[in-house]
Amino acid sequence: MLEHSRSVTLNDVKELQTSELDYIEGAGGNSIGALLAHIAAIEKVHQLISFEDRDFTEEEWQQWGAAIELGDEARSEFQGRTLADYLTGLEQLRSATLDKLRTKDDSWLYEERYWPNGVPYNNYYLWFHVMEDEINHRGQIRTIKRRLRKG
């Protein structure tokens with residue numbers, strides 16, 4: 001499911017130019033580039049949570065925080081990058097994810113853990129969320145592309 005979701009995302013963005021990746025419609029909107037960076041950041045933090053049982057360090061937060069939060073900082077940080085820049089990052093993260101997943105068995109998916117607020121979760125949930133988040137933002141990417149092509 002992770003790989004199918006990613007292949008559809010890659011197909012949806014495969015011909016976008018930097019100007020299209022940078023386009024932001026209206027105050028508070030996100031660019032396609034920022035959404036691709038967010039997809040990568042969500043995968044990164046879920047790698048840390050599921051494989052290393054930790055969250056971002058302060059240094060990692062400095063690198064990934066804008067992409068996670070998608071606020072004003074992301075709107076300015078994710079400008080002028082090429083599609084290849086985003087795709088390279090996505091590919092490297094996914095390769096690392098798949099390498100780690102190959103070392104796990106099904107019982108690992110269902111290992112129960114608890115968020116700091118006491119709510120239980122497992123690794124299956126974490127990786128379902130990575131896929132679900134990508135699909136959700138791909139919908140936003142498609143909406144932005146439609147608006148770009150109308151204008």
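Author: **A walk along the helices**

Helix α3 has 21 residues and spans 30 Å from its first C-alpha to its last, close to the 30 Å expected at 1.5 Å a residue (the expected span is 1.5 Å times one less than the number of residues). Helices here are DSSP runs of H or I with at least four residues, numbered from the N terminus. This is a predicted model, where local features need pLDDT of at least 70, side-chain atom pairs count only at pLDDT 80 or more, and totals for chains, interfaces and linings use all residues. Residues are numbered from 1 along each chain as its sequence is written, and side-chain values use heavy atoms, leaving out hydrogens and water.

Of the 21 residues in α3, 19 are buried (under 20% relative accessible area, with a 1.4 Å probe and protein chains only). Just after α3 comes Asp53, with a positive phi of about 55°.

Next, look at α4, residues 58–69, where Glu60, Trp64, Gly65, Ala66 and Ala67 are buried. Their cover includes α3, α5 (72–77) and α6 (83–101), counting contact as heavy atoms within 4.5 Å.

Finally, α6 packs with α1 (residues 2–13) at an angle of about 175°, their axes 12 Å apart. The two helices are therefore roughly antiparallel to each other (an angle over 145 degrees). On the α1 side, the contact is made by Leu2, Glu3, Arg6, Leu10 and Val13; the α6 side includes Leu83, Leu87 and Arg94.

Notes. Buried < 20%, exposed > 50% of the residue type's maximum accessible area, 1.4 Å probe, protein only. Axes fitted to C-alpha atoms, helices over the stretch in contact; angles between N-to-C directions. Parallel < 35°, antiparallel > 145°, perpendicular 65-115°, else oblique.
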